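Subject: Structure for you to look at

Hi there,

Here is the structure I promised to pass on. Have a look at it when you get a moment, and then read on for what turned up.

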Amino acid sequence: MPTAFKAIQICEDVYWVGAIDWTLRDFHGYSTSRGSTYNAFLIMADKVTLIDTVKAPFKHEMMSRIASVIDPSKIDYIVSHHTEMDHSGSLPEVVDEVKPEKLFASRAGAVAMKQHFHRDLEPVAVADGEDIALGQMKLTFFDTKMLHWPESIVSYLHERKVLFSQDIFGLHLASSERFDDELPEDILYFEAAKYYANIVMPYSPLVKKLLKKVEGLGVEFDMIAPDHGPIWRTNPTRIIKWYHKWAEMKPENKAVIIYDTMWKSCRKMAASIADGLAQEGVSAKVLEIGSTNRSEVATELLECGAIIVGSPTINNNIFPSVADVLTYAKGLKPRNLVGAVFATYGWSGEAVNHLEAVLEEMKVEKVAESVNIQYVPDDAALEKCRELGLCVARSLKEKLQVE
Amino acid sequence: MKKYICNLCGYVYDPEEGDPDNGIEPGTSFEDLPDDWVCPLCGVGKEEFTPA
């Protein structure tokens with residue numbers, strides 16, 4: 001059994017045996033500019049337990065890390081918290097190799113496994129609040145439906161006060177460091193916010209419910225070990241505080257301008273709008289879609305108070321790149337936003353109406369008259385754009401005062 | 001009888017099918033679901049549903 005890769009002990013009896021994906025840059029459309037990790041954990045209890053597995057191409061790395069601690073065939077239990085293939089892709093092969101006594105998943109997880117692998121791995125279904133004894137230690141499961149898949153569960157190792165939280169509290173960051181206290185806080189905050197915005201945001205009401213439930217249980221955490229990124233060891237409640245904040249989706253003093261451009265008319269208009277916002281003391285983030293990945297747009301939408309969208313009219317419609325980003329943004333269900341629309345056209349001006357309709361679907365409160373300009377904006381047109389910025393800024397500030 | 005959709009996860013409650021896994025007989029209208037019934041997919045309450 002190869003042992004070129006080594007396990008890293010995270011606390012007494014518990015090892016990180018995951019894989020580091022240094023080169024990952026695109027996670028189904030989410031730009032992972034810092035790579036990622038697929039975390040798996042080995043609990044050296046009487047019943048040797050493997051918590052989650054890794055993406056299929058990284059099976060060798062995980063097995064090697066396990067073998068640096070124990071012969072993998074000695075694993076008694078495998079727990080699958082989440083069936084998404086970055087955590088289960090290697091599961092069928094690992095089960096074949098290890099032949100565990102039991103494989104645990106939620107009831108929905110057992111169904112999802114069949115739908116992924118088209119064979120019966122014979123998982124044992126666990127319910128919310130159910131304990132399993134690992135001999136001298138105890139693991140309790142908690143249901144986390146739709147955080148972020150229907151079958152998602154987490155588990156808590158009582159004796160070591162470790163929460164294995166699957167994708168919740170995770171972030172995409174490839175690093176040699178395994179712990180939060182070994183990494184700069186600004187990078188952790190940014191990547192955790194990006195992860196929340198792109199993966200968790202639509203389920204914010206469920207995050208609030210979960211956090212309330214956890215507080216009610218009065219459970220103490222020495223560590224929170226998610227399936228991506230570092231383990232939260234020093235003050236593990238830091239990430240819980242961030243989740244509290246993000247789940248509230250309270251408006252902030254920032255406006256995000258999202259647009260694309262054909263002949264730089266929308267670019268000029270966006271710059272004028274940003275100037276108007278700044279004049280009223282609202283921070284503007286100008287995102288031209290041609291140079292901004294949709295997942296970066298999502299990150300900016302998490303902590304803002306206004307969204308202003310712009311598009312040229314092309315063949316009686318909005319620009320396809322704008323439709324792409326807005327379709328994605330709508331699905332993420334950002335809330336409590338005010339907004340406005342700007343557009344350009346040559347001979348017919350449909351984009352403006354399409355954009356207004358999208359904002360309405362997104363439940364954004366439209367607070368300024370739309371600006372729709374033929375061909376190229378002159379000074380008067382740019383002045384209208386500045387006024388749009390001023391108008392959105394004033395509405396946002398009023399809203400922030402009321403809150 | 002009207003179908004209702006979960007605002008959060010998109011699950012559709014179809015009264016013709018009911019929710020037999022959770023003891024709701026086929027033919028039960030959304031209005032007749034017990035107050036403590038929750039979305040079988042994501043667990044939110046009836047108040048998070050809107051007519052489909």
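This is a predicted model: local features need pLDDT of at least 70, side-chain atom pairs count only at pLDDT 80 or more; totals for chains, interfaces and linings use all residues.

Thr140(A) stands opposite Tyr156(A) of strand β14(A).

In chain A, the order β12-β13-β14-β15-β16 makes up an open sheet of five strands, and its pairing is mixed.

Another strand worth a click is β23 (residues 371-374) of chain A. Which of its residues lie on the covered face, and which on the uncovered one? Val371(A) and Ile373(A) form the covered face, while Asn372(A) and Gln374(A) form the uncovered one. Strand β23(A) runs parallel to strand β21 (residues 338-345) of chain A, and four bridges join them. Within this pair, Asn372(A) is the bridge partner of Ala343(A).

Now for the helices. Helix α8 (residues 265-279) of chain A packs against helix α12 (residues 379-402) of chain A at an angle of about 40°, and their axes are 7 Å apart. With that angle, α8(A) is oblique to α12(A). The crossing of the two is right-handed. On the α8(A) side, the residues in contact include Met269(A), Ile273(A) and Leu277(A), and on the α12(A) side they include Leu382(A), Leu388(A) and Val392(A). Charged residues take part too, among them Lys268(A) and Asp275(A) from α8(A) and Arg386(A) from α12(A). Taken together, the residues of this contact divide into nine nonpolar, four polar and three charged.

Finally, the whole chain. Chain A has 12 helices and 23 strands. Its C-alpha trace spans about 75 × 40 × 35 Å along the principal axes. Of the 403 residues in chain A, 59% are buried. Among contacts between residues at least 6 apart in sequence, 73% join residues at least 24 apart.

Happy browsing, and do write back with any questions!

Best wishes

Definitions and conventions:
Residues are numbered from 1 along each chain as its sequence is written. Chains are lettered from A and ligands numbered from 1 in the order in which they are written. Side-chain values use heavy atoms; hydrogens and water are left out. Axes are lines fitted to C-alpha atoms, for helices over the stretch in contact, and angles run from 0 to 180 degrees between N-to-C directions. Angles under 35 degrees count as roughly parallel, over 145 as roughly antiparallel, 65 to 115 as roughly perpendicular and the rest as oblique. A crossing is left-handed if the near helix is turned anticlockwise from the far one by less than a right angle, and right-handed if clockwise. Contact means heavy atoms within 4.5 Å. Two strands pair if DSSP finds at least two bridges between them. Buried means under 20% relative accessible area, exposed over 50%, partly exposed in between (1.4 Å probe, protein chains only).
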